[in-house]
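Q: Please take a close look at one part of this model: the surface patch and the charged pairs around it. Walk me through what is there.

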Amino acid sequence: FAVEEAIYKTADLQGRLETELRAGKLAADFIRFPIGPWVFGLKAKGLLLEWQNPEEKAYATIHAEPGYWVPTMWAPVIIWNPQKVQDTLESWRDLANPKYSGRVAIGDASKSAGWTQYFYVLSTRLSEKYFEDLSRVKPGFIVSSETLVEAAVSGEYPIVVSTSFSAYRVVAQKKVDLRVAYPKDGIVPVVDAFFTFKSSPH
């Protein structure tokens, strides 16, 4: 059978789900959403369906809530177009190099809970000066991980911070050459939850 997938910005998805919950007309069966206060609040209100995933033991235990959701993690990495950037990028600090001014794009934390988590944790590992230096290269802000990768492919922003699986998917589909680096100063895993509501249609 076919599975229909709809992709939303985090804030838009939360707003849509809250509207549908108030109207009693949920459209989706399974939801993927960054784990945080909103998701824990749904469970506390008794809105989530309790179910036992037969593959639950194979998932990570971090932020797991057995019987309600299993966690899935994604980690932003550095991705670049080698046709446009001949350097090898190894560190988050490389993105703040003045020679890359106007050539870097990162996730938009103002519109995404996932990117907010990422930048918050990264801020505990890197100095305030790093973020000041990064701001000086005037990075672009894009919400979608795949749109970030597309920007690297097109050369609009030849260096981006996105997910490795988005990069590999675009490379496989478009047969393009991209480079991926897991920064030596550490990666930041972002944890999402897969869950379903008691009032979901199926």
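A: In this predicted model, Tyr168, Tyr182 and Ile187 make a nonpolar surface patch of about 310 Å². Ile187 sits in the loop between strand E7 (179-181) and E8. It counts as partly exposed because its relative accessibility is 33%, between the limits of 20% and 50%.

Now the charged pairs. The structure holds nine salt bridges. One of them joins Glu146 to Arg169, with the closest N and O atoms 2.5 Å apart. This pair links distant parts of the chain: Glu146 lies in helix H5 and Arg169 in helix H6, 23 residues apart. Glu146 is partly exposed, at 27% relative accessibility. Arg169 is also partly exposed, with a relative accessible area of 37%.

Helices H5 (145-154) and H6 (164-174) each supply at least two residues to the lining of the largest pocket. By class, 22 are nonpolar, nine polar and 10 charged. Helix H1 gives the largest share, five residues.

Another salt bridge lies within a helix. The side chains of Arg136 and Asp133 meet at 2.6 Å, N to O. They are three residues apart in helix H4 (residues 128-136), so about one helical turn separates them. Arg136 is exposed, at 54% relative accessibility. Lys129 joins Asp133 and Arg136 in a network of salt bridges.

Technical notes
Residues are numbered from 1 along each chain as its sequence is written. This is a predicted model: local features need pLDDT of at least 70, side-chain atom pairs count only at pLDDT 80 or more; totals for chains, interfaces and linings use all residues. Side-chain values use heavy atoms; hydrogens and water are left out. Helices (H or I, at least four residues) and strands (E, at least two) are DSSP runs, numbered from the N terminus. Ala, Val, Leu, Ile, Met, Phe, Trp, Tyr, Cys and Pro count as nonpolar, Asp, Glu, Lys and Arg as charged, and the others, Gly among them, as polar. Patches are made of residues with over 30% relative accessible area and no salt bridge: like charges are joined within 9 Å, nonpolar side chains (Val, Leu, Ile, Met, Phe, Trp, Tyr) within 5 Å. Accessible areas come from the Shrake-Rupley method with a 1.4 Å probe; for residues, only the protein chains shown count as cover. A salt bridge is a side-chain nitrogen of Lys or Arg within 4 Å of a carboxyl oxygen of Asp or Glu. Buried means under 20% relative accessible area, exposed over 50%, partly exposed in between (1.4 Å probe, protein chains only).
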